[in-house]
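This briefing is meant for someone meeting the structure for the first time.

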2 protein chains.
Amino acid sequence: MAEDISPISYEDLAEIEDAFAEVDDEILRRQYDLSRPLYEKRAQAVAKIPSFWPLVMEQAPMEIEDCITHQDSAIFAEHLTNLTVTRPDIEDGKKGNPRSVNIKFEFSPNEHFTDRVLEKRFWYRRASDGWTGLVSEPVKVNWKKGKDSTDGLTSAAVALWNARKKVGDLTAKGLPEYRALEKKVEHWNGANTSFFTWFGWVSGRRYVSAEESEKASQEYAARKEARKHGERSEAESPEDKDEEEPEDDSLVEVHQQGEEIAACLAEDVWPNAIRFFTQAQELDDDPEADFEDDDLDDEDDVDEPIDIRSLVQDKEKGRSRDSSGPPSKKIKT
Amino acid sequence: MAEDISPISYEDLAEIEDAFAEVDDEILRRQYDLSRPLYEKRAQAVAKIPSFWPLVMEQAPMEIEDCITHQDSAIFAEHLTNLTVTRPDIEDGKKGNPRSVNIKFEFSPNEHFTDRVLEKRFWYRRASDGWTGLVSEPVKVNWKKGKDSTDGLTSAAVALWNARKKVGDLTAKGLPEYRALEKKVEHWNGANTSFFTWFGWVSGRRYVSAEESEKASQEYAARKEARKHGERSEAESPEDKDEEEPEDDSLVEVHQQGEEIAACLAEDVWPNAIRFFTQAQELDDDPEADFEDDDLDDEDDVDEPIDIRSLVQDKEKGRSRDSSGPPSKKIKT
């Protein structure tokens with residue numbers, strides 16, 4: 001066994017990672033095509049179960065639960081009528097990036113905001129310095145008077161976005177809207193105002209335009225191709241360049257976990273929704289789970305878990321429960 | 001929108017879940033076929049990097065890190081030469097279950113145990129009462145005198161297994177080997193003795209034989225087929241039966257997270273090994289990371305993270321570092 005790690009080994013590893021990424025893309029596309037008719041069938045089936053999506057959100061993984069306030073859970077419990085995740089860039093056999101995703105929430109008319117649909121699109125992009133990840137545009141939530149649970153964060157994010165578009169520089173910092181948003185973000189300092197802040201999220205670092213991503217991807221593909229043919233690339237890769245710190249927009253980013261939440265919704269909540277729903281139903285049937293709930297009531301209010309289920313039950317009070325029960329349980333206890 | 005959840009809706013959901021599971025199986029098979037040549041290429045490349053797998057294990061996710069003691073990390077740092085994950089039931093186009101998995105650790109000669117290979121196989125099985133999950137046989141670790149870091153737990157698990165095989169009942173409880181193991185498990189009460197205890201793991205509930213699983217799967221397939229054709233199945237599903245509590249072997253289970261560790265190794269560590277290795281190299285290059293390490297040194301010993309990296313570095317002292325650096329970094333900070 002060689003005792004030194006040769007440059008060749010690192011080149012090999014990078015090439016293998018490229019090949020794995022290609023396989024991943026193909027698998028994501030294939031999975032999307034195969035699953036699509038099933039998701040349509042599921043949408044039809046769950047349309048008959050009004051509490052379906054509220055109960056799914058109640059069972060959502062930690063990443064999401066951590067972002068949901070009591071007011072958010074009340075909105076979900078009473079007004080969330082549908083959730084839909086699509087991958088527009090590979091729709092109908094398109095050869096775009098399978099990681100780009102569109103997440104659509106639908107709501108019944110409510111006293112919080114006038115929107116019936118809140119839809120957020122995420123693009124998987126490559127920056128000129130080699131960074132890759134999701135970016136998004138802030139989505140306006142039309143809050144009713146006095147109801148904005150994000151304390152104006154989403155509106156301020158949209159205002160900065162529009163001001164930047166107007167000056168033609170989506171990372172411009174010298175605008176009054178920048179200072180206004182910076183102040184708001186500093187005030188909250190990452191504390192959880194509301195899940196709806198997530199609609200204002202832009203990027204884990206800074207926005208990357210379609211043009212920048214396209215150019216960076218072409219350069220990346222050229223280097224990859226050169227590597228495949230055993231050439232040591234003549235062009236420096238962006239990672240090798242001694243660059244300044246990349247521009248960072250974190251001072252005006254309204255949500256700290258925007259990409260994680262999007263990934264969690266698209267890769268966990270969406271494909272596993274029936275399982276989450278079934279889990280919620282099982283908790284419902286389990287007298288011990290109720291007992292545990294009672295226990296928790298004695299504890300500190302701050303640590304008390306959000307209980308969309310009880311809110312849904314309140315809503316459903318008096319409705320006859322179906323006796324055939326939820327679909328097959330995986331583990332009997 | 002209907003206000004009641006009809007039995008039909010639940011049947012629909014169960015049918016959709018069946019169809020999703022079939023898609024998942026197909027995707028897993030396809031991914032395995034496409035990735036296999038890449039994993040072989042990777043194995044050849046990383047064979048030239050002696051610290052590859054030790055550094056990957058150092059960067060392993062929380063689930064695994066939580067199970068690794070200081071002594072374990074020393075063993076990994078100095079003696080782990082290879083890790084290989086395969087799916088024997090779908091090897092060479094076989095139509096078995098893609099969730100069954102084989103995990104093989106290879107070690108250089110060492111003062112802890114005489115084994116050069118520790119290999120554990122997991123089968124995805126269905127029990128007669130509808131439970132599904134991984135089960136495994138306990139694997140003997142041949143510890144050298146005074147070196148058994150599992151305090152005899154793995155040996156006692158193997159002893160019970162062999163005694164049960166002898167009496168022809170793999171869930172028998174009335175054996176002296178049962179009482180011996182029960183006492184040991186009770187003594188440790190889930191506390192972490194060593195990662196190597198995992199080799200003695202059998203099941204999250206109880207062992208399920210190939211025969212039981214085969215029979216249960218056939219019955220399940222028949223119900224599924226009936227459901228597909230819109231028939232309300234005449235045969236009760238096992239979940240509907242008023243059964244006694246299922247047999248549970250948790251009193252003699254030596255590891256609490258056996259299935260989670262297997263899944264984490266097979267679905268995260270194995271496919272993402274190059275990324276974990278690169279992360280470890282980056283920490284190595286980052287003076288701030290060192291600074292953070294120094295900070296942690298002041299803290300309570302119990303909470304101090306295991307640092308395989310420093311152990312690997314000690315081992316590699318004096319070895320010339322390659323200047324070309326690790327493969328492209330995803331995020332520059």
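The model is a predicted one, and the points below are grouped by topic.

- The side chain of K173(B) meets that of D249(B) in a salt bridge, with 3.5 Å from N to O.
- This pair links distant parts of the chain, since K173(B) sits in the loop between α5 (153–167) and α6 (176–188) of chain B, while D249(B) sits in the loop between α7 (210–228) and α8 (258–269) of chain B, 76 residues apart.

**Salt bridges elsewhere**

- Side chains of opposite charge can pair when their charged atoms come close.
- Over all chains, the structure holds 30 salt bridges.
- One of them joins K41(B) to E15(A), whose closest N and O atoms are 3.3 Å apart; this pair crosses between chains, from helix α1 (residues 7–46) of chain B to helix α1 (residues 7–46) of chain A.
- Both partners count as partly exposed, K41(B) at 40% relative accessibility and E15(A) at 21%.
- Within chain A, D92(A) and R36(A) form a salt bridge through their side chains, at 4.0 Å from N to O.
- D92(A) lies in the loop between β1 (80–86) and β2 (101–107) of chain A and R36(A) in helix α1 of chain A, so their pairing ties together parts that are 56 residues apart in sequence.
- D92(A) is exposed at 73% relative accessibility, and R36(A) is partly exposed at 30%.
- A network of salt bridges links R36(A) and D92(A) with E40(A) and E91(A).

**A patch of negative charge**

- On the surface, E63(A), E65(A), D66(A) and E260(A) gather in a patch of negative charge.
- E260(A), which belongs to helix α8 (residues 258–269) of chain A, is partly exposed with a relative accessible area of 39%.

**Chain A as a whole**

- Chain A contains 11 helices and 4 strands, and 46% of its 333 residues count as buried.
- Its accessible surface comes to about 16,800 Å², and carbon and sulfur atoms account for 48% of that area.
- Among the contacts in chain A between residues at least 6 apart in sequence, 71% join residues that are at least 24 apart.

Technical notes:
Residues numbered from 1 in each chain as written. Chains lettered and ligands numbered in written order. Predicted model: local features only at pLDDT ≥ 70, side-chain atom pairs only at ≥ 80, totals over all residues. Heavy atoms only, no water. Patch = residues over 30% accessible without salt bridge, like charges linked within 9 Å, V, L, I, M, F, W, Y side chains within 5 Å. Areas by Shrake-Rupley, 256 points an atom, 1.4 Å probe, with all protein chains shown as cover. Lys, Arg positive; Asp, Glu negative; His and termini not counted. Charge placed at Lys NZ, Arg CZ, Asp CG, Glu CD. Helix = DSSP H or I, 4+ residues; strand = E, 2+ residues; numbered from the N terminus. Buried < 20%, exposed > 50% of the residue type's maximum accessible area, 1.4 Å probe, protein only. Contact = heavy atoms within 4.5 Å.
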